[in-house]
Amino acid sequence: MQVKFEFVNYNEELDIFELDENNYLLELDEEQTKTYELLKDVDLHLYNWFQKSDFFTEWVKEEVYPESIEKKFAICDINDISFRRFFFFKVTSGDIHYDYFMKLFGFIEESDWQDREYVGNKILDQLRVKRKELLMELVEDDTEV
Amino acid sequence: MDNQYIKNMLSQMDKELASKGMSRRDAMKLAGISSASLLMGGTNAQAAEEEIVKTDAKGRILIIGGGLAGMSTARRLTLKLSNPDITIIEPNEDSSNYQPGQTLVGGGIWPIEEIIFKRDDYVPDGVKLIKEKAIAFTPQKNYVTTDKGTKVEYDYMIVAAGLHLDFERLKGIEAAGRCYSSGDNSNLLKVLGDDVCSIFTAEGAERTWEIMQAKIEEAKKASPEKPLRFIFTHPNTPIKCGGAPKKIMNLANARLKEAGVRDNVEMLFCTNGGAMFGIPEYHDAVLGQFKREGFKWHYRHNLLEVHKDRKIAVFDSKWQEKGPWDPIMHEYEVIPKHEKVEIAYDFLHIAPPQMAPRELRESDVGSAAGWIPVNKQTLQHFQYKNIYAVGDVAQVPMGKTGGSVRKQYKVLVDNIIAQMEGKKLPAKYAGYTVCPLITTIGTVMLAEFNWTVKPTPLLPLDPTVERWMWWLVKIYALKPMTQIGMLTTGRA
């Protein structure tokens, strides 16, 4: 099975993510395909699996960003499963992203009293931590930290 | 509250139940209140219900605040500790007032005397009370300083200081300042005047009923063509009892109907939020009730100013507009807009902005968010592990009701004792809260829910249906459960 990836690159100096406009195809073997099918409906589990898998980081190091030691990047899309809201969410993003993050970060309120800006900034606070978890770096010996 | 009071109250309840062909026992069973005897003031049955095992755990416990949360926690600690060493700091002699009754006072159902209770009646035996105000917190060295200069050291501290009603934030009535729900609030009443009120203080609830009656008289001279306008607000902060603004609106509606002048008044609810209730099922039910009663409402309207001379309320009105295309997120941006809008009123009920008392908020114990930052499940402070918070002051979602405190204080006591014994914290609060939403005189929708954001009714009854049974529970059962069950015995 072929899986299409899109990536974002982390600009450390500006502390922002920049979209890599290219698509990259990774061929999964039978076992990997089974795992992919199991995890594809639980977006962050799917992300974590690739992030922690040697075959994936090897592929990135060799095929996607060769000779790019110390490069920091993250997965933006896997087929039709998008993670870009983690890197590009802003206060003016659509309600669907607010709903997603409020559930993910466990924001619970008795009544819908919040201002969009207030909740948006709370989400951005949480994302500062979450983005670090999602970030990957190409290193010399192993392929990923 | 003495035994005679309880007997009178139960006798009245029995009469009402008999008129519906039901006994008290059947009613309590139906209401799902298993410990009916607790509500009746009995003590033998209570003792049988929960086996209390005392512990020899030791430590100086300091409780900041002597309201329902602080006093009930102190009471329960004395039940569970063999040699309790507990100090409460509370300057207000009315701190233990029955706040859930303030809506009933505001609607003329109860006189104010029903909800005024003296702090000193609820201080457990052996607990030291310091009648001063804690104003400085030094959690790094485990001591607190009061306004009289008393330095109080502790091993464990429980913050149960309640919250500030922040009228100061509202332009035009900023002279009302910040206040607590109990105590002398004569300045607040003076500043609010004859057309503006708030049931969020005990005295203010009594004043609300006075103003409401005067306005009902005025309404008799109005007409459906030239109606009076009653406005009820809900602010942009968390508030104690999120249903309270709607409860007093519904009681006012009932009183207007009773006087035969409902058609002469426009009832308008202005809320900062975008829904009637955070739980979709209750939102739908409340919205249906609003439509049925002919209420009007504005979402995303936050009260900013009150011009008493012109009887104008100024709101920050918010809405959203479609923004530019975001090529990375593949969507149009959402641009928040807002503007000030003026709305004329004849009667204005204010639910003020609310936040933790300033001395706590600005101390090392507080947080920028305005509340005491605790783990929402264990109620333990994130930074200072020997500090806990309970009730209104705690940064706990959906936690600012008496019903929440009834769950929280047991969790807190179990956890603090475990910590004193060097054990892992065993208890977790799951976010349960309850809002007996008065829909008219005689019916209540019992909104129970927790952090699942779903209705969590005790009984297998449709929780969105208004029932007279819940009205009886609200009027007759919840007060003794609070006072006897929590404040006096620490068991409910």
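How many bridges join strand β7 (residues 156-159) of chain B to β19(B)? Three bridges do, and the two strands run parallel.

The model is predicted: local features need pLDDT of at least 70, side-chain atom pairs count only at pLDDT 80 or more, and totals for chains, interfaces and linings use all residues. Residues are numbered from 1 along each chain as its sequence is written, and chains are lettered from A and ligands numbered from 1 in the order in which they are written.

**View 1. The open sheet of chain B has five strands.** The order is β3-β2-β1-β7-β19, with parallel pairing (two strands pair if DSSP finds at least two bridges between them; strands are DSSP runs of E, at least two residues, and helices of H or I, at least four, numbered from the N terminus). β3 (128-130) and β19 (387-389) of chain B stand at the edges with a single partner strand each, so one side of each has no neighbour in the sheet.

**View 2. Val159(B) has Ala389(B) as its bridge partner in β19(B).**

**View 3. Helix α5 (residues 68-80) of chain B lies across β1 (60-64), β2 (85-89) and β7 of chain B.** The helix runs at about 170 degrees to β2(B) (axes are lines fitted to C-alpha atoms, for helices over the stretch in contact, and angles run from 0 to 180 degrees between N-to-C directions; contact is C-beta atoms, placed from the backbone, within 7 Å).

**View 4. Domain 1 (3-91 + 132-163 + 356-488) and domain 2 (166-354) make up the domain assignment of chain B.** Such bounds come from an automatic or database assignment. The contact takes 18 residues from domain 1 of chain B and 20 residues from domain 2 of chain B.

Terms used: Two residues are in contact if their C-beta atoms, placed from the backbone, lie within 7 Å.
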